[in-house]
Amino acid sequence: MVSFIAGLLDATVQAATVLLLAGMGELISERAGVLNLGVEGMMLVGALGGFITTVLTGSHWLGFGVGILLGMVLALVHAFLCITLKSNQVISGVMLTLLGTGLTTFFGSGWVEESIDGFPQMTLPLVGQYLVDIPVIGEAFFRSTATDYLALGLLLVVWYFLHHSNLGLEMIAVGEDPEMADTMGVSVFRLRYLAVLIGGGFAGAAGAHLSLAFSQLWVPGMTAGRGWIAVALVIFAQWRPRRMLIGAYLFGLLDALRIRSQSISLTLGPDAPLAGVVNPVVEFLMTPQIMGTYPYLATILVLAYAVIRTKSDQLAVPSALLQSYSRETD
Amino acid sequence: MSEHTTLRMEGILKEFPGVVANDHVDLSVERGEIHGLLGENGAGKSTLMKILYGLYSQDAGDIYLDGERLDLESPQDAIAAGIGMVHQHFMLIPRLTVAENVVLGEREPATVFRRDAEDSWLPAAVRNNSLVQSLAGQFSLGLDVPEQRIQDLADEYGFDIDVSAKVWELDVGQQQRVEILKALYRDVDLLILDEPTAVLTPTEAERLFDSLERLTDEGLSIIFITHKLTEVDAIVDRVTVLREGQNVGTAEVSSVSRADLAEMMVGREVLFEIDREAVDLGDPVLRAREIRASDNRDIEALSGIDLTVRQGEIVGIAGVSGNGQKELAEVMAGIRDVTGGKLEVNGADITGAKPKTFVENGVSFVPEDRLQYGCAEDLSVMHNATMKDFRNGRFGDRPFLDYGELRDYAETLVEEFDVRGVSDVTETKAGDLSGGNLQKLILAREIYRDPELLIANQPTRGVDVGAIEFIRETLLEQRKAGTGIILISEDLDEIFDLSDRILVVYEGEFVYETTPAEADRERIGLEMTGGGGDDGGETVASPPQSGITQGSES
């Protein structure tokens with residue numbers, strides 16, 4: 001049982017990192033008022049680009065960097081379409097996901113057989129060797145890849161950046177009311193580009209982490225909807241970095257459970273009362289496909305709760321999300 | 001031109017597709033004065049000021065500030081030149097604090113990085129390094145020092161503002177003071193105020209005027225955009241009048257009469273008095289009994305209201321805003337649920353029916369908030385004009401719509417109600433119309449369908465003199481045509497000029513009833529503020545045909 005929980009936690013941490021990285025990028029982009037539904041595509045591009053680079057150079061850090069860069073390239077397209085050309089953010093985002101999926105399936109077909117030396121599991125310097133010995137959670141949390149630690153560190157950076165820096169304040173302002181920001185001398189255009197590019201970089205990093213640290217191989221479509229879960233995660237977190245940490249681990253846990261659902265038996269014994277009713281229901285709820293919907297269901301619940309609890313004007317969704325801005329057309 | 005001139009705008013030309021918003025406008029403002037910019041809605045006042053603030057760029061013309069030619073590419077340039085603007089719609093982010101709103105864009109670094117920090121552990125040489133300054137300005141944020149400065153400014157000018165409060169917690173008057181603080185924080189010499197009193201109560205407006213006078217005492221120059229003549233009298237030193245994008249003159253306020261200004265503004269003589277013919281009252285079109293309803297926060301806003309309106313009667317409802325007028329209007333229009341009571345229109349009991357049923361029973365409604373409830377901003381004038389009638393089969397065979405007929409209908413409305421600024425009824429969006437013209441469009445839609453009952457909530461608020469005149473005349477015409485009208489207004493003059501019967505609402509109840517002929521203004525004022533209710537059961541007078549009945553059943 002202990003080993004099962006330890007394994008589950010280990011898988012949770014690994015799954016959470018992907019969501020955390022992609023989610024942080026989405027969070028920054030949305031706080032500046034630009035919805036990025038291209039995360040899934042950007043992750044795939046980052047995953048394949050990072051993988052190929054690592055195969056060719058042997059350096060997983062170089063691969064990670066290339067992954068980030070490719071995510072940003074795709075994000076640049078999104079930024080150009082949505083900010084400069086003021087086209088519809090939803091359409092552009094979905095189009096980029098389709099594009100990313102298509103491109104990586106085509107160009108990645110030859111790399112499926114390859115194997116790499118990805119990010120090794122490591123312990124933190126100095127205190128790491130002791131932390132690992134903590135029962136149950138030690139191995140899961142303190143023997144991880146460098147990118148797992150990096151993601152947690154970046155969360156702190158993102159939180160600080162958004163809430164304790166001028167650029168962050170300006171970014172939030174641009175996402176709340178671009179016209180207001182403009183009248184205060186803040187460049188809406190530049191800040192939105194910056195936010196979308198950072199968002200793409202994070203998505204690329206999430207993809208690279210997936211292929212270089214998580215699975216250490218390349219499979220077409222390997223993101224398997226995690227980009228969409230990242231979008232849901234931002235809503236779940238109500239656009240706040242701190243809640244994103246909780247959400248990422250919760251969703252990560254659900255993901256880890258889903259993968260292991262076959263080996264979990266929660267059914268009642270045949271003699272237990274109501275076994276005939278309960279068991280089929282439990283079995284249904286534990287089907288991997290049904291479990292895959294849990295993150296979305298959780299998001300819906302959180303959203304409903306937030307709407308019921310607070311008046312809509314206090315809801316954390318950036319007021320100018322999806323709105324393009326130009327000066328002389330009001 | 002004198003040595004005191006601080007701002008000169010010369011030959012400003014600004015064209016939008018199909019419209020010349022500013023047609024070679026000149027404007028000069030002297031140091032330390034409050035300069036009024038007067039004009040009807042759509043006269044080009046806001047456009048001119050947006051050019052001055054760098055939001056729009058002019059097609060021709062020059063701007064000089066203290067003799068120097070300004071080239072304003074963006075608001076940043078205007079701010080740098082010492083120009084501040086308080087916009088008509090507040091430019092504040094409700095979710096952020098006062099201080100965050102004020103310092104936005106100023107790049108205030110964390111306190112340790114401030115050049116003027118006294119007890120910073122960082123050596124001055126490092127703090128003064130321009131790279132350090134730039135990085136600290138981007139990647140850190142210190143609100144302590146700015147908050148102190150904002151608080152000092154607020155205290156200096158007598159603003160009661162908590163700088164660490166979130167903006168959504170403030171009332172409208174306070175929000176406006178935050179807007180002014182935004183400009184003061186940037187050390188502006190010239191402050192533009194775009195219709196600052198539009199959102200304020202009379203008391204708040206008085207406070208604003210006091211503040212503005214203190215600002216000019218400090219040497220600030222103020223441009224005050226308005227279309228209210230009373231405000232020009234109250235506060236402005238010199239006034240420039242714009243009409244249809246052109247400057248029609250600048251004058252010392254002390255040397256011109258209100259009537260002259262009105263004529264300059266509208267281009268013809270304006271009648272301040274209205275002729276109200278006698279009309280015979282017909283059958284009751286509305287019978288409301290013991291109506292109760294709650295406001296948006298679920299607090300009871302109407303506590304048992306009885307109201308009867310007859311054909312050809314205008315019932316004026318006076319009261320200080322927030323005493324249930326909004327809820328009353330919404331209940332009568334069918335868009336707010338009643339929690340008790342009975343509502344009959346033309347004898348049909350439609351209590352609790354859908355808004356659509358109200359519409360079908362001949363109820364028309366001019367809401368207080370034109371943009372939010374009166375129209376669909378992003379839809380065309382045509383869609384808005386036909387919004388209430390497209391279902392009734394007059395525009396082609398259902399379920400199909402004949403767009404040609406819709407268009408003709410909309411064009412008729414636009415023409416008959418003199419709605420200006422419509423280049424094409426199918427292209428022009430309702431939200432692009434100026435306040436007065438949008439109001440005329442809404443009124444046209446509501447009246448052209450020959451309603452039995454018309455509820456007009458603040459129909460002339462925030463619209464210009466010409467449109468006010470038009471709207472009032474239209475209401476009187478409609479009264480003559482036999483419509484029963486409920487007129488809710490905070491403008492007592494309007495109530496007196498138009499109503500057959502006046503009801504005063506206070507805390508969700510009618511506390512006083514009278515007619516314009518026998519009304520005593522002081523008494524009404526007292527009743528509006530709840531000061532007249534202490535003489536027992538006498539508060540409700542009962543003239544003939546009174547809609548008010550005390551007691552359980554009439």
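**View 1. Helices α3 and α4 of chain A, side by side.** The axes of α3 (residues 60-84) and α4 (residues 89-108) of chain A come within 10 Å and cross at roughly 155 degrees (axes are lines fitted to C-alpha atoms over the stretch in contact, with angles from 0 to 180 degrees between N-to-C directions; helices are DSSP runs of H or I, at least four residues, numbered from the N terminus). That makes α3(A) and α4(A) roughly antiparallel, a label for angles over 145 degrees. This is a predicted model, where local features need pLDDT of at least 70 and side-chain atom pairs 80 or more, while totals for chains, interfaces and linings use all residues. Residues count from 1 along each chain as its sequence is written, and chains are lettered from A in the order written.

**View 2. Who touches whom between α3(A) and α4(A).** From α3(A), A:Leu74, A:Val77, A:His78, A:Leu81 and A:Cys82 meet A:Gln89, A:Ser92, A:Gly93, A:Leu96 and A:Gly100 of α4(A) (contact: C-beta atoms, placed from the backbone, within 7 Å).

**View 3. Two annotated spans of chain A.** The unreviewed UniProt entry marks "transmembrane region" at several stretches of chain A, including 61-83 and 193-212; such annotations may be inferred rather than shown by experiment. Residues 61-83 of chain A are 100% helix, with end C-alpha atoms 32 Å apart. For residues 193-212 of chain A, also 100% helix, those ends sit 28 Å apart.

**View 4. Domains 2 and 3 of chain B.** Here 12 residues of domain 2 of chain B are in contact with 10 of domain 3. Helix α17 (residues 465-480) of chain B gives the most to the domain 2 side, with 5 residues.

Technical notes
Helices (H or I, at least four residues) and strands (E, at least two) are DSSP runs, numbered from the N terminus. Angles under 35 degrees count as roughly parallel, over 145 as roughly antiparallel, 65 to 115 as roughly perpendicular and the rest as oblique. Two residues are in contact if their C-beta atoms, placed from the backbone, lie within 7 Å.
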